[in-house]
Amino acid sequence: MTQAQDLLRSVFGFDGFRPGQAEIVEAVADGQPMLAIMPTGGGKSLCYQLPALMREGVTLVISPLIALMRDQVRALRAAGVEAGALTSSNTDDETAAVFAALDAGTLRLLYLAPERLASSERLLARAGVSLIAVDEAHCVSQWGHDFRPDYLRIGALRRSMGVPLAAFTATADAETRDEIVARLFDGVAPTLFLGGFDRPNIHLAFQPKDKPRDQILAFAAARKGQSGIVYCGTRAKTESLSAALGAQGHSAAFYHGGMDPADRRAVETRFAAEDGLIVCATIAFGMGVDKPDIRWVAHADLPKSIESYYQEIGRAGRDGAPAETLTLYGPEDIRLRRSQIDEGAAPNDRKQADHGRLNALLGLAEALGCRRQVLLGYFGESHDPCGTCDLCDRPPETFDGTEPVRMALSAILRTDERFGTGHLVDVLVGRATDKVRARNHDDLPTFGVGKDRTARDWQAIFRQMMGRDLVRPDPERHGALRMTQAARPVLRGEASVELRRDAMRTPDRPVARALVSDEDAPLLSALKAKRRALAEAQGWPPYMIFNDKTLIEMAETRPATLDDMARIGGVGATKLERYGSAFLDVIAGGAEEMHPARRKLAGRAAGGVYDRLLSVQGALTRGPDGTGKPMSCTAGTLRWIAERQPGSLDELARAPGLSAPKLDRFGAAFLEVCRDGA
Ligand code: ADP
Ligand code: ZN
């Protein structure tokens, strides 16, 4: 086992690396400059935390969000790692403790807020920094949304300290990447790791809006008690949806940029600490959300682009346990998003690109096959049908829509591209409203040609046409539909269009996918209750004790001993010591008693060796013939032997507390155990 794997297991309690982590950890520990681009939840923090433990000296971590830094420091300390943060929200005592640990040379990771960089030069010069890790490295990009001017100091800092730098981000576009290389690495290309985009534990689903409030309420009702986010298009909607959810007995809050900073912080804190809070939010609820156990994300309105969609759903399920998403969309959303782009201040080519990104998202919304294939395809990755999206769950019924699409296009053209969906549908189904009569549209050849379909069917056809960018609402004509170039081949009969039928039916009430089987569900709740109690006692968010994935594994595998427990993903040595028995108690109603020295070896091969040493010692307590003076070794001695498994008497003699008489009595038997154990 490599040192990295060993630390992964013993400190973090993880069985294996996630994709990319092993290579990144190795390269960073080796001192290579590194730019790693990994999806949210890919496990970036581990990629600098582990090397920090493998290298001499202090690893300086620069991260833009104080709350995240404090979380990480707490999580590291909970895992027994000496880490500290210097931020503006420190108490004097906290700051003093960080300085003391720096002076004592015990600090392994120092988290620093970017705005402290300027004032910390002297401190850093004498801190013995041997590695700089930059989290959310895209904050160095002046063109991005998250630009942090203080990030521009990092390049100079690296130069003056002459230590390797590792930069991490989830933002992968080439422009941002180039900027990071220019500003953090002085233009010298670092080792690049480009992670895949797939988040296989996140279930994808879209639904056309149809009483959207009810759709969201039903989705939430099927997931009661689970933490979720509902992204809303407007501030007002965050408030009204939060109230509606509250009225249905959920614990819900709202969050948007118009609130007091203090109120916003209060929601962030509650969300992190509470198990099962729903936050209805605008996209202002974003980068600061680091909660790993968000079980679902719903979009009450269509996001603005496929990138935003990916980022927002990506906040779910960072712990790797199953998470679900639902995105609602309708013709109003499409109109709104198009006009936001058209009315924005961006130059024309930028607007075209933004329309393209919106089209990509609409293509995903109106997809006919596996959504993951479409989503990953946009990012340039191929994938087999995933089995964890709504369209894999239930393939949509499709039909040849060429004819109705041509009828709709004809209605648009014959009314001079001056009308919106409502009027066009009236014309198609032959409804002679006042407006229709006033314009003599009841005289058009198109009037009534579509009367074998319902108005609702036609709405769905128009929506899908907008989704395919065959028609676009014209902002200068109050959203009247105009035909695009893409529609010409259809009109000319040179291309056909396949449409979805199920998009026109009311979707069924969504059924929540359970995290565990019915049989294990009561145990999972009991484990969660224990977690909540422990978290409250410590003033921690529950996931910091153990995350959902860990509890699910406990509920499913029901470890009976601390050894079994140590094999559960997420149960590291420190957490095993602190909480192992408490959770075993819940599972079995009683944990085996274990000597603390033995407990330290739980789950490792050395644990078994320790047990055998103990048993041969038991057999030899009074010597081979059972008449000698009783003798035994301390737990500390046995642990030393179990951990080192010496191969000779000379080596064994170095065990602390193993006196000559004891060596005489147990030596040969202990060596035999060690030989078998190795
Ligand atoms: P990112 O910063 O890339 O979004 P994090 O570093 O916050 O992701 O990690 C997301 C979650 O995944 C955390 O809860 C973390 O504990 C967990 N995690 C990271 N690496 C592993 C691993 N190798 N095995 C299991 N869980 C992991
Ligand atoms: Zn799929």
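Colleague: Okay, angles under 35 degrees count as roughly parallel, over 145 as roughly antiparallel, 65 to 115 as roughly perpendicular and the rest as oblique. How do α13 and α20 lie to each other?

Modeller: They are roughly parallel, because their packing angle is about 30 degrees. Their axes (lines fitted to C-alpha atoms over the stretch in contact, with angles from 0 to 180 degrees between N-to-C directions) are 9 Å apart. A helix here is a DSSP run of H or I, at least four residues, numbered from the N terminus. This is a predicted model, with local features needing pLDDT of at least 70 and side-chain atom pairs 80 or more, while totals for chains, interfaces and linings use all residues. Residues are numbered from 1 along each chain, chains are lettered from A and ligands numbered from 1 as written, and side-chain values use heavy atoms, without hydrogens or water.

Colleague: Which residues of α13 and α20 meet?

Modeller: From α13 (residues 331-343), P331, I334, R335 and R338 touch R463, M466 and G467 of α20, with heavy atoms within 4.5 Å.

Colleague: And what angle do α18 and α20 make?

Modeller: About 130 degrees, with axes 10 Å apart, so that pair is oblique. Helix α18 covers residues 421-429 and α20 covers 455-467. T421, L424, V425, L428 and V429 of α18 contact A455, W458, Q459, F462 and M466 of α20.

Colleague: New topic: how many residues surround ligand 1?

Modeller: There are 15 (a heavy atom within 4 Å), the closest being G16, G41, K44, S45 and R318.

Colleague: How far is the side chain of Q21 from a nitrogen of ligand 1?

Modeller: An N or O atom in the Q21 side chain is 3.0 Å from that nitrogen atom. A polar side-chain atom of R18 lies 3.0 Å from an oxygen atom of ligand 1, and a backbone N or O atom of G42 is 3.4 Å from an oxygen atom of the ligand.

How values were computed. Helices (H or I, at least four residues) and strands (E, at least two) are DSSP runs, numbered from the N terminus. A polar contact is a pair of N or O atoms within 3.5 Å; within protein, one must be able to donate a hydrogen and the other to accept it, and residues adjacent in sequence count only if both atoms are side-chain atoms.
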